[in-house]
Amino acid sequence: MAARGQLTQSTTRLDALARARQRAALLPDCLAEARRVANTVIAGWHGRRKRGIGETFWQFRPYVDGESLSRIDWRRSARDDSLYVRDREWEAAHTIWLWADLSPSMHFKSDLGLVSKESRALVLLLAAAELLSRSGERIAFPGVLEPVASRNAAERLAMALSLARSGPAGMPDLGRISRSSEVVLIGDFLDEADTLEGCIAPAARRGIRGHAIEVYDPAEETFPYSGRTEFRDPETGAKLVAGRAETVAADYRRVWLARREAMGAEVRRLGWSFLPHRTDRPASEALAALHGRLSGVPGVMKTEAR
Amino acid sequence: MGGLPIAFGAPALLFGLLALPVIWWLLRLTPPRPQAEPFAPLSILARVLKTEETPAHSPWWLTALRLLVAALVILALSEPVLNPRDNSLASDGPLVIMIDNSWAAAPDWDARVSAAEMLIGDAETSELPVIIALTADRRNDASPGTADHAREQLLAAAPRPARPERDATVGAIIAGLDGVRPGTVAFLSDGIATPDSADALKRLLDLGPAEFRLIESGAGRPPALTSASNGAESLEVTASRLPEAATGTETLTARDIRGHDIAAGRLSFEAGEGAAGGTIEAPFELRNDIARISVGAEPTAGGVRLLDDSFRRRRVALISGEAADIAQPLLSPLYYINRALAPYADLVRAESADLSQAIPSLIAQNPAVIIMADIGILPDEPGRQLEEWVNRGGTLVRFAGPRLAAAPADDPLVPVQLRKGERELGGALSWVEPQPLADYPVTGPFAGLPSPQDVTVSRQVLAEPSADLAARTWASLADGTPLVTAAERGGGRIVLFHVTAAAGWSNLPISGHFVDMLRRVVQLSHAVAGAGGTASGILPPWRLLDASGGLVPASGDARPLDLTTGIPAHAGADNPPGLYGTEDGFVALNLFGTGDLLEPLAVPDTDVTVTRAPIAGDTAFDFKPWLFGAALLGLLVDTLIVLVMGGAARRFRARGAAAAAVLLLGAGLAAMPHPARAQAAGDSQPGDADILDRLDRTHLAYVITGDDDVDRTSRLGLDGLSSYLTGRTALEPGDAVGVDIETDQLAFYPLIYWPMSDNSPMPSASAISRIDAYMKGGGSVLFDTRDRIADIGTGGGSPETLRLQTILADLDIPPLEPVPADHVLTKSFFLLDSFPGRYADGPLWIEALPEQTDDGARPARAGDGVSSILITGNDLAGAWAVDDTGTPLYSTVPPDPWQREYAYRAGVNIVMYMLTGNYKSDQVHIPALLERLGQ
């Protein structure tokens with residue numbers, strides 16, 4: 001009788017180096033997967049959606065006296081009697097802080113999910129890094145990678161993660177992040193002591209915008225267990241025995257959904273966006289949604305809403 | 001034995017039950033092992049689980065189930081037995097077993113045998129002599145014997161289709177005991193009293209046995225059929241049973257003489273009643289076929305009633321006074337009777353118009369009914385015969401008419417006195433209208449038939465009024481004048497229709513009521529006693545009933561049935577129940593007669609201990625296997641519960657399906673025959689390569705005679721013919737093959753050339769029989785005596801011809817003829833008129849065709865198939881033989897190159913004829929066929 005869920009790597013081996021090595025082994029795969037996923041999303045890249053300094057055409061508008069003559073688009077203006085100016089889309093680079101929870105609880109994968117939560121979180125992280133670095137943003141990982149603007153920033157992030165001596169424990173410290181940055185947090189946010197809201201509230205008060213992606217396994221939502229079952233927390237090792245697990249499933253689902261509802265509401269109240277993502281859904285779904293949020297069009301890819 | 005009669009084989013083990021509380025305590029302590037699952041959102045789960053109490057113990061009912069299993073195992077080990085048997089035979093005298101092997105014992109005979117066997121076994125243990133007596137057997141050897149001897153007697157015994165004869169049996173027992181006082185007397189009774197049973201039991205008890213055991217079967221003893229009679233609408237059956245408190249419904253099954261079910265009915269016994277009646281509803285036609293009725297699912301000889309000829313289809317003889325019947329059939333008085341009765345009865349017509357011949361000859365055919373249409377005056381002698389026939393049981397149906405109306409009034413063969421002349425209703429000289437019919441009297445035989453509203457009568461003969469006229473009237477007109485009257489005469493009956501049988505006097509004959517009325521009349525008739533084949537008085541047994549109610553061919557000690565004293569009411573020892581007579585006519589003898597009732601057997605008052613016991617065979621019932629089975633079942637249930645509680649059902653769903661598929665696949669593979677093994681026993685045999693060589697092309701074959709010269713000529717000749725065939729025809733034969741007729745397989749060759757040689761050894765008889773089989777199997781042999789030249793002047797009888805004669809003497813040769821000019825052999829490829837070889841003028845003999853019919857215009861003839869033999873003397877092979885360069889080896893006689901060409905052509909025709917058969921003879925008709933098709 002095999003268990004429904006499993007931990008993708010042993011949590012009893014606390015050797016940080018070994019864990020780092022394992023993560024390093026995971027990273028190239030995640031990187032490749034991230035590139036693939038990013039490619040599916042890049043087609044929907046819409047820039048900043050406002051006029052500004054950039055390279056791509058945004059719009060023609062009538063010439064207003066006082067503007068530099070050099071900005072007149074003569075080809076367009078020759079077609080009729082008025083003068084037109086070619087506006088370009090604003091493409092300003094700024095820093096995006098990416099963070100993914102790599103704690104032991106993320107190693108969980110049930111037979112309902114496609115991959116472990118950690119794997120999915122890394123894929124999302126790296127894919128976002130790839131996307132953002134391709135469009136010239138600077139990306140950073142709190143405690144691991146300082147802001148860097150490079151075409152291969154995703155690779156450098158992966159390298160830095162694999163070299164990190166131990167995974168960043170708990171929620172990240174957002175105190176050092178400047179106001180003009182955006183933050184992307186990926187994790188399961190299950191820690192009772194160190195909550196998501198507690199982490200982002202100070203930053204939000206400073207005006208930092210951000211996005212939280214909650215990665216969870218289907219088994220954690222649907223609670224498909226039945227019979228006598230002993231549940232064990234992968235982080236604390238605490239155990240809990242349910243006599244007939246199926247009897248509490250309904251209650252559990254109710255509490256789970258209520259908790260997420262409350263968390264989402266609080267996060268949104270702080271001005272952040274909140275994105276639940278289940279590991280049996282394709283990663284591109286969450287990435288597209290994240291990308292939409294980053295580009296300022298949150299409604300575009302809202303397919304993950306269930 | 002107070003309470004439940006249970007004994008334990010190992011009662012000490014029951015102390016194990018004391019351990020149950022310990023087991024209870026142990027079971028309570030070990031809950032099922034939980035399934036371990038990693039689960040990150042434990043804190044959320046903890047919030048939910050707080051309210052639920054996690055069981056540290058198994059649920060009480062699971063523990064109870066396990067305790068039950070443990071208790072069952074302990075109980076099973078202690079070997080409990082229900083109704084343990086005890087050997088309680090009285091040991092102070094021989095054991096006497098009296099068994100009723102009568103008809104009523106047949107259903108539970110096996111139980112009786114095993115009950116008796118147990119008694120014998122007990123007697124063997126107690127070393128008592130045993131006496132076995134069977135009440136339905138006529139000869140009982142009731143001397144005391146060993147248990148083994150008694151067992152043999154018991155095994156030889158079988159239930160008999162008879163009633164028990166207990167008195168005689170008790171007499172045999174008393175004789176066998178020879179004054180010794182018996183110990184236990186056991187009577188395995190069928191529970192049915194016979195007239196002598198009280199007496200017999202009293203005599204038996206007077207012997208003063210130590211114990212008398214009456215062993216009877218319980219409820220459900222078989223009923224017996226006591227009568228069956230053919231009513232107007234249905235077959236009425238009465239049955240009897242031993243009175244029982246419960247009501248009982250039995251099914252009745254009617255079968256025809258071949259044993260096929262043709263009808264069914266129902267019979268209900270009221271509570272406490274011993275007799276009941278039932279009916280079998282079936283159409284009249286079907287009822288006539290019923291030969292056997294049985295009651296219940298397990299028929300016995302008493303529960304089967306055999307019916308004889310009186311139930312069969314009636315034979316009806318028709319006589320009319322007119323001779324012109326056939327010339328104008330629609331005007332014949334018998335026409336409507338014929339049409340009405342033909343589906344329901346066998347009709348016999350009078351052979352001649354002369355009544356003094358017709359009536360005796362009709363009576364000799366033993367009809368049940370004779371219908372006379374408008375016959376006024378009967379000659380004396382036939383009239384007397386007819387009267388006697390009616391007295392014996394015949395039914396005479398007469399129709400009125402002008403002749404009867406004119407007949408004198410003293411006719412003895414009418415049911416009522418008739419007035420002379422007829423009455424006319426309606427018509428030019430009458431005021432009255434034609435009369436309709438009144439409703440049928442409710443007591444008469446026509447009661448129940450639909451009321452005849454549309455029938456009107458315009459003329460009739462009238463009966464003289466008399467006191468009993470109303471009683472004799474079966475149907476009357478609306479004004480009350482009788483239309484159909486009848487009177488009983490002896491065993492028979494005379495019925496008179498007061499109108500004609502044709503539609504002249506009324507429209508009755510053309511209405512459906514006529515059919516109904518005639519059918520009723522015929523139905524009421526019955527076979528004439530002592531007539532036909534059954535008149536001899538002594539009937540041999542033909543088919544007898546066995547104890548289980550089946551009909552078996554007569555055998556054994558059944559004696560012929562003597563009818564001179566009348567048919568006995570029921571079967572006896574000499575005449576077991578069955579059918580007596582022959583297939584053409586028989587009398588049924590049944591075990592029970594009308595009015596017989598089954599009475600329960602009563603034991604007379606006595607001071608001997610009488611124990612009653614049911615026949616239950618070995619009533620000891622061992623609980624052990626059942627207890628173990630229940631324990632195993634409990635364990636299975638427990639396993640399932642544990643699996644379900646562990647959440648296994650969901651997990652095993654997919655895997656279970658896969659496992660089942662694998663199991664099924666494995667079973668299928670195991671069940672499949674091993675293909676490799678099947679092929680390993682290949683059937684390759686030496687010589688297969690040769691056979692395959694022979695099969696791919698046609699080969700001409702010759703018989704290796706042993707004379708080298710002749711054989712070489714044959715081979716070269718056939719090779720020459722083969723190359724000629726290859727050049728001229730579509731046939732490309734392979735090399736000529738020499739066959740050794742002693743050993744070689746001949747079936748591959750359409751034609752075998754067999755030159756006769758004086759120098760060759762004579763073939764053996766087996767070789768000749770192989771040739772015979774080859775010819776019968778479709779092959780053809782061309783015999784060549786090569787002696788045409790030697791024949792000239794000698795007048796026949798050359799050595800080769802003699803050799804041929806010797807060979808043919810052993811063959812099955814059809815008639816032969818020289819090839820006729822129109823034989824298909826002359827046209828099968830070339831048009832030929834002779835078949836020369838080296839010699840030109842010898843004939844070619846061939847199987848003679850069937851005699852030519854008139855259509856002499858046919859240009860070619862052929863029988864079916866191909867002639868299996870051809871004989872020539874022209875030395876065909878000699879003419880065909882060429883050497884390697886194509887030069888002929890032998891010159892023809894006379895030396896004519898065209899003759900060789902014709903010899904080849906003859907060979908081609910022969911081969912083509914062999915291969916195509918009569919195809920060519922059909923082919924020559926194509927022009928005629930096309931012309932006939934209009935093309």
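Student: Which helix of chain B lies across β4 and β5 of chain B?
Tutor: This is a predicted model, in which local features need pLDDT of at least 70 and side-chain atom pairs count only at pLDDT 80 or more, while totals for chains, interfaces and linings use all residues. Residues are numbered from 1 along each chain as its sequence is written, and chains are lettered from A and ligands numbered from 1 in the order in which they are written. Helices (H or I, at least four residues) and strands (E, at least two) are DSSP runs, numbered from the N terminus. The helix across β4 and β5, running at about 160° to β5(B), spans residues 166-177 and is α6(B).

Student: How many bridges pair β4 with β5 of chain B, and in which sense?
Tutor: Two strands pair if DSSP finds at least two bridges between them. One bridge here joins Met98(B) to Ala133(B) of β5(B). For β4(B), residues 95-99, and β5(B), the sense is parallel and the number of bridges is five.

Student: Which strands are the edges of the open sheet of chain B?
Tutor: That sheet has five strands with parallel pairing, in the order β5-β4-β6-β7-β32. An edge strand pairs on one side only, and this holds for β5 (130-134) and β32 (610-614) of chain B.

Student: Which element gives the largest share of the side of chain B that touches chain A?
Tutor: Residues are in contact if their C-beta atoms, placed from the backbone, lie within 7 Å, and on this basis 26 residues of chain B meet 35 residues of chain A. At least two residues each come from β2 (35-38), α2 (42-49) and α16 (648-671) of chain B. The largest share, eight residues, is that of α2(B).

Student: What is the bridge partner of Phe231(A) in β2(B)?
Tutor: Strand β10 of chain A, residues 229-232, runs parallel to β2(B) and is joined to β2(B) by four bridges. Within β2(B), the partner of Phe231(A) is Glu37(B).

Student: Where in chain A is confidence lowest among the helices and strands?
Tutor: Confidence is given as pLDDT, the predictor's score for each residue from 0 to 100. Chain A averages 77, and 79% of the residues score at least 70. Strand β12(A), residues 273-278, has the highest mean, 90, whereas the lowest, 63, belongs to residues 16-42, helix α1(A).

Student: How many contacts beyond four places in sequence does the model have for residues 299-306 of chain A?
Tutor: Where pLDDT is low, the predicted coordinates should not be read in detail. Over residues 10-16 of chain A pLDDT stays under 50, with six such contacts. Residues 299-306 of chain A also stay under 50, and their number of contacts is 12.

Conventions
Contact = placed C-beta atoms within 7 Å. Axes fitted to C-alpha atoms, helices over the stretch in contact; angles between N-to-C directions.
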